[in-house]
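Please look over the sequence and the structure below, and then read the report that follows them. It takes up one local feature after another.

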Amino acid sequence: MKRDAMPKVIIVEDEESLARNLAEKLRSDGFNVVTSNDGEDGLEKIRSEHPDLIVLDIMLPRLDGLSICRIVRHDANTAHIPIIILTARGTEVDKIVGLESGADDYIVKPFSLGEFLARVRAVMRRPTTLGRPVAQDEMISNNLRLSLTGRRFFKEEDEIKLSNKEFDLLAELMRNRGAVLSRDLILTKVWGYDYFVDKRTVDVHVRWLREKIEDDPSNPSRIVTVRGVGYRFEG
Ligand code: CA
């Protein structure tokens, strides 16, 4: 395969032996690999190399992985690039999910190279992570269409009325399609910081939404429950 045609992965990881092992594994599987052992340098390379996938450690010199993640997501040139986060502790998982880092997946260290490769392949196959919109007027996912400016919702060609909160909730889920959103994050984004509501409010609104958007609300395939964490929208 020509080098240009090979999918390019950037690994930003300051543990040199780990970075080397990951790079070797990916290269032997046909990836073009760029590495960086520093947060600021990694971000620069992400911007200049146009990778197809970013693999990010959290604790990095100069700029941490979660900050890189957010910067990448808020830059229209890089917002669509899938991100896998490497994390040393299970306790960091809350941060990855809860702070809306924008990561597509995460792996807790230590992990096997086989598992790593499987996650890389899965994330790169996931069509919904490609072309993730930063800001646009319409969000479309299969038979569902959300018009943001008009605040209107369509399933197939039929317009379905959503309450304000249902609309905001669905928009938030669709905007982050494929990623798990915690109830806390949903509350913050949809109901706001200052508004005290019970986490079950989210569950109730999800149930109402499912009645409106799912083909079989009792067996949801669009808004999926991620046990113990929250919800994920499946494109
Ligand atoms: Ca590190």
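Asn176 has its place in the loop between α6 and β10, where helices (H or I, at least four residues) and strands (E, at least two) are DSSP runs, numbered from the N terminus. At 10% relative accessibility, Asn176 counts as buried, a word that stands here for under 20% relative accessible area, while exposed stands for over 50% and partly exposed for what lies in between (1.4 Å probe, protein chains only). A polar atom of the side chain of Asn176 lies 2.9 Å from the backbone oxygen of Glu172; a polar contact in general is a pair of N or O atoms within 3.5 Å, and within protein one must be able to donate a hydrogen and the other to accept it, with residues adjacent in sequence counting only if both atoms are side-chain atoms.

Some remarks on the origin of the values belong here. This is a predicted model, in which local features need pLDDT of at least 70 and side-chain atom pairs count only at pLDDT 80 or more, whereas totals for chains, interfaces and linings use all residues. Residues are numbered from 1 along each chain as its sequence is written, and side-chain values use heavy atoms, with hydrogens and water left out.

**Salt bridges**

Side chains of opposite charge can pair when their charged atoms come close. The structure holds 20 salt bridges, each being a side-chain nitrogen of Lys or Arg within 4 Å of a carboxyl oxygen of Asp or Glu. The table shows some of them, including one that involves Glu172.

| Salt bridge | N to O distance |
|---|---|
| Lys109 and Glu13 | 3.1 Å |
| Asp41 and Lys45 | 3.3 Å |
| Arg175 and Glu172 | 3.0 Å |

The salt bridge between Lys109 and Glu13 links distant parts of the chain, since Lys109 is in the loop between β5 (105-108) and α5 (113-125) and Glu13 is in the loop between β1 and α1, 96 residues apart. Lys109 counts as buried at 14% relative accessibility, and Glu13 is buried as well, with a relative accessible area of 1%.

The other two pairs in the table each lie within a helix. Asp41 and Lys45 are 4 residues apart in helix α2 (residues 39-49), and therefore they are separated by about one helical turn; Asp41 is partly exposed at 24% relative accessibility, and Lys45 is partly exposed, also at 24%. Arg175 and Glu172 are 3 residues apart in helix α6 (residues 164-175), which again places about one helical turn between them. An α-helix has 3.6 residues a turn, so residues three or four places apart point the same way. Of this pair, Arg175 counts as partly exposed at 32% relative accessibility, whereas Glu172 counts as buried at 6%.

**The calcium ion**

Which residues coordinate the calcium ion? They are Asp14 (OD), Asp57 (OD) and Met59 (O), at 2.1 to 2.3 Å. Donors are N, O and S atoms within 2.8 Å of the metal (3.2 Å for Na, K and Ca), and water is not among the atoms, so sites may look incomplete. Along the chain, the donors follow the spacing D-x42-D-x1-M. Distant parts of the chain are linked in this way, with Asp14 in the loop between β1 (8-12) and α1 (16-28) and Met59 in the loop between β3 (53-57) and α3 (65-73), 45 residues apart. Asp14 is partly exposed, at 33% relative accessibility, while Met59 is exposed, with a relative accessible area of 57%.

**Helix α3**

Helix α3 is mostly covered, as 7 of its 9 residues are buried, among them Leu66, Ile68 and Val72. The N-terminal end of α3 is capped by Asp64, which has a side-chain oxygen 3.1 Å from the backbone nitrogen of Leu66.

**Paired strands**

Strand β12 (residues 230-233) pairs in the antiparallel sense with strand β10 (residues 180-182) over 3 bridges, and two strands pair if DSSP finds at least two bridges between them. In this pairing, Leu181 stands opposite Tyr231 in β12. Strand β11 (residues 223-226) also pairs with β12 in the antiparallel sense, over 4 bridges, and Ile223 has Phe233 in β12 as its bridge partner. With 3 residues between them, β11 and β12 form a hairpin, and Gly228 in the turn has a positive phi of about 80°.
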